[in-house]
Amino acid sequence: MSNQPTSTQYDVRGSVAVVTLNNPPVNGLGYGLRSGIVAGLDKALADPKVTAIVLIGSDRAFSGGADVKEFGTANAGKSPNLPDVIKALENSPKPVVAAIGGMALGGGLELAMGAHFRVAKGDANLGLPEVKLGLLPGAGGTQRLPRLIGLEAALNMIVSGAPVPAKKFEGSPLIDAIIEGDLLEGALKFAEKAVADKLPLKRARDLKVKPVLPGTEAFLQFARNTVGATSKNFPAPLKCVEAVAAATTKPFDEGLKAERELFQALMLTPESRALRHIFNAERAAAKIPDVPEDTPLRDIKKVGMIGAGTMGVGITMNFINVGIPVVLLEMKQEALDKGLKTIRTNYENSAKKGKITPAQIEERMALITPTLTYDGFKDVDLVIEAVFESMEVKEQVFKTLDEVCKPGAILASNTSALNLDKIAAFTKRPQDVVGLHFFSPANVMRLLEVVRGEKTAKDVLATSMALAKKIKKMPVVSGVCDGFIGNRIVARYGAAANEALNAGASPQQIDKALEKFGLAMGIYRMGDLAGLDIGYAGRKRRKEANPEAYIPIVADRLAEAGRFGQKTGAGFYKYEPGKRDAIPDPTVDKIIEDFRKERGMVARKVSDEEIIERCIYAMVNEGARIVEEGIAARASDIDVVYLNGYGFPAHRGGPMLYADTVGLANVVRALRRIAAEPGADAKFWEPAPLLVKLAEEGKTFS
């Protein structure tokens, strides 16, 4: 027992050896766990009293697959690697039963498929999600799964990466029995029966993939056409089809070889690098360097929400969706009624699509307590304001909250740009004030900027991060500056686009170039959707604070003409009633032409390449400053913000990873070239010191 690796436990129950996987939290298949499984197997095979072996994990996970802590380390491919472990299980002369609880994902399911038998809890999730990292299963998953559940079902699972409850495979060669009671007891009984009944040892590799109608090759060609059309920026889904096809045409070992070659080729693609970067970046964003992971959290049982407009309604829905009651405040009954009606309508639309039941609508609506006075906030644990973006209005709100709310209640602002430290100073408890900047529509958008004020308490920050996860948001911590991470970069991105517009590009050309690059929406279409009045109000605020720094832009002329975007039917584009199609507008062309003339600008031809270079490198340059100033803890946090809040293309991994991919020295060279152009704002385009330093040292952001 003493020389047994700590990642597994070995016991003998009667005549059955039990090897328990013990690498919390999800039994990642690191070197220690792989070695432990093989050591446990060898020990069981050497013991004449042992007639069968059960491999089991925890209630939470049989195994969640590869150990992410091992990625890129020497242990990742160290023998025994996962294929070695699976081969050892398959070749065991004594029956091996995998007992699956919680989940068996990726390498975890591949490991289970190496056993002779599999039993599972009905609600255990089985899946091969490697495609979500731009990869395919690399330890035989594409060869064994089609043999166990059939070609079509296997292809769907592998190409989608989506998990499926074990209950769905009851009676198939994948799951021999669904265990209702205690999983280990059920697995032991199954193992004893397998020995008593002399059940033949079933190896997935020895099975044949059953042919499908209208014919295997015709089905695979249909799959190639369908998958190719829906995964244009990602090579992995089509490679998954090719790997599964090999299971139907090649002997097992040749199929394994083909799978391995495809896996290794995908590992080298920029798309897989981007998706793996995102996976790691999202996990890193949850870690705050000076806030311990075991920081005690404040209990959030009831939330107060100020404002029943678009943002307030969306934020409210996030909380009631997970069963947290909300006290919803508005100043006028009419506004309150309108907000409640919008929430109900949103849920009714979801019910029509079958996403929720009519009973769930009533359950959620019952969690809202509407109010017209602040008295309703006396017992809330957290209050969020989504009122007008004005420091005077915020001052009034926070002074009132300071008087009304109980000690220890968290006071949060949904401000998208205002100084959180000033807001906190309106209270006698600045340690309880935090920014929770939701993105619109707040009930849909995944990103949440958690803004940390100078005096925000660590437990307030930790509680905010945990709560964000509970309401299914992707939280990223930002320090205090104008616009925080996202909108500060957007301002630079917008300024770069405006320079291209002034130089001679049209809004349509700029938007199309950005969308071709992969952004979900071009900057001018995005402005029309958000409302041009919002940016205009912010620029007016900054102009009043510092008139000399104000630079006129075309968007101001549009806002002054009452063209606020989709909400008014006209912005950079015009919109037909009830439609969102952006229609080019000659009136805008004339406004742009007049603007150029007034400023003494002569239009020239601007290429799509120049538009992308200016817009994306402006983002990267500002991102470097944000990291340097400590507003973001790490460059990858900026990528998380841009992927989850601003529609940056996932296949490029975010602006900072894109810069790494292009080469930071190339980015610096381009910025310096633009800065030296006649009439350029040299200060705007000057490369950030951090960017220059990394480029000179041959380093990357990641």
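Here is a short chat about a predicted model of one protein chain.

Biologist: What is the radius of gyration of the chain, and how does that compare with a compact globule?
Modeller: For 702 residues, a compact globule would come out near 27 Å. The C-alpha atoms fill a box of roughly 90 × 60 × 50 Å along the principal axes. The chain agrees with the globule figure, since its own radius of gyration is 29 Å.

Biologist: Is helix 23 largely enclosed or open, and why?
Modeller: Helix 23 covers residues 608-628 and reaches 30 Å from its first C-alpha to its last, close to the 30 Å expected. Of its 21 residues, 18 are buried, so the rest of the structure leaves helix 23 largely enclosed.

Biologist: Which element gives the largest share of the largest nonpolar core?
Modeller: That core has 79 residues, and I510, I616 and F701 have the most contacts inside it. Its largest share, 11 residues, comes from helix 23.

Biologist: And which residues does I616 contact, leaving aside neighbours within four places in sequence?
Modeller: Contact here means heavy atoms within 4.5 Å. With those sequence neighbours set aside, the partners of I616 are L514, F517, L519, F648 and Y658.

Notes:
Residues are numbered from 1 along each chain as its sequence is written. This is a predicted model: local features need pLDDT of at least 70, side-chain atom pairs count only at pLDDT 80 or more; totals for chains, interfaces and linings use all residues. Side-chain values use heavy atoms; hydrogens and water are left out. Helices (H or I, at least four residues) and strands (E, at least two) are DSSP runs, numbered from the N terminus. The expected span of a helix is 1.5 Å times one less than its number of residues. Buried means under 20% relative accessible area, exposed over 50%, partly exposed in between (1.4 Å probe, protein chains only). A nonpolar core is a set of buried Ala, Val, Leu, Ile, Met, Phe, Trp, Tyr and Cys residues joined through side-chain atoms within 4.5 Å. The radius of gyration is taken over C-alpha atoms; the globule rule is 2.2 Å times the number of residues to the power 0.38.
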